[in-house]
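Reader: I am new to this structure and would like a close look at a single part of it. Please take me through that part slowly.

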Amino acid sequence: MGRIALGIEYDGASVHGWQRQKDVASVQEYLEKALTVIANKPIIVFCAGRTDAGVHATGQIVHFDCDVERPERAWTLGINANMPDSIAVTWARPVSDDFHARFSATHRRYRYVIYNSRMRPAILHNGVTHEYRELDAEKMHEAAQALVGEHDFTTFRASLCQSKTPHRTVSSVSVHRQGRYVVLDIRANAFLHHMVRNITGSLLCIGAGEQPVDWMAHLLTLKDRAKAATTAKPNGLYLVDVTYPEHFGIPKSPLGPLFLPES
């Protein structure tokens with residue numbers, strides 16, 4: 001039995017999230033069906049992070065086990081030929097049996113893209129979140145630094161989150177403006193359900209001048225989801241990178257979305 005890792009990207013607007021569900025399309029369902037065609041037997045895949053409906057990915061990592069030998073090009077080209085245009089495999093590579101897309105990961109990185117203008121966008125309207133209020137990205141960046149380090153993120157945790165602990169360690173976070181786009185970039189060992197979207201919702205209030213810069217630090221101490229702002233929409237959120245120990249040999253893909261800086 002061999003283990004194969006895949007790099008995946010997808011437009012989350014076309015599916016109801018990563019996880020297979022009854023009566024609605026999901027990334028997992030499309031991918032497993034395509035793999036079953038190539039392998040001529042049922043295949044089950046495991047991912048690094050289960051994204052919600054409407055959330056995108058440019059750096060999702062998955063793995064699966066299969067005792068059928070295929071060249072790497074057969075996996076990539078064959079899978080892509082059997083999936084909708086909104087989902088694509090970017091690379092395939094054999095990995096050791098102790099590799100696990102989720103449990104071997106040391107860090108995950110998300111970007112949240114906000115289109116900041118009085119008028120709604122026509123281009124990329126499913127790939128950004130529109131915010132009509134003028135945002136101060138510098139204040140948002142300053143406020144976000146309170147999140148760096150290990151904290152109890154109960155305030156930014158969805159009520160249905162199934163994690164055993166609310167503690168997570170954020171290694172870096174930044175907010176910067178690029179023209180009309182304001183981008184939140186956050187990296188942590190792991191994330192709680194809706195954590196990035198809940199953080200973004202509160203940062204939007206700070207950027208719009210409705211709350212002071214020190215509000216984020218105060219929210220962390222409250223440990224009360226009801227005290228923070230509403231959850232930001234899913235369509236601006238991208239899973240852009242997953243980090244693994246070097247000995248697994250997982251390729252590093254360019255960070256997305258395309259028009260944002262690589263650093």
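Is Asp-52 buried, partly exposed or exposed?

Author: This is a predicted model, in which local features need pLDDT of at least 70 and side-chain atom pairs count only at pLDDT 80 or more, while totals for chains, interfaces and linings use all residues. Residues are numbered from 1 along each chain as its sequence is written, and side-chain values use heavy atoms, with hydrogens and water left out.

Asp-52 is partly exposed, because its relative accessible area is 23% and that class lies between buried, under 20%, and exposed, over 50%, as found with a 1.4 Å probe on protein chains only. In an unreviewed entry, UniProt lists Asp-52 under "active site"; such positions are given in the numbering used here, feature names are shortened, and annotations may be inferred rather than shown by experiment.

As for its place in the chain, Asp-52 sits in the loop that runs between strand S2 (45-47) and strand S3 (56-66), where strands are DSSP runs (E, at least two residues) numbered from the N terminus. Once neighbours within four places in sequence are left aside, the residues in contact with Asp-52 are Gly-17, His-193, His-194 and Arg-197, contact meaning heavy atoms within 4.5 Å. With one of these, His-193, the side chain of Asp-52 makes a polar contact, side chain to side chain, at 3.4 Å; the term stands for a pair of N or O atoms within 3.5 Å, where within protein one must be able to donate a hydrogen and the other to accept it, and residues adjacent in sequence count only if both atoms are side-chain atoms.

Technical notes. Helix = DSSP H or I, 4+ residues; strand = E, 2+ residues; numbered from the N terminus.
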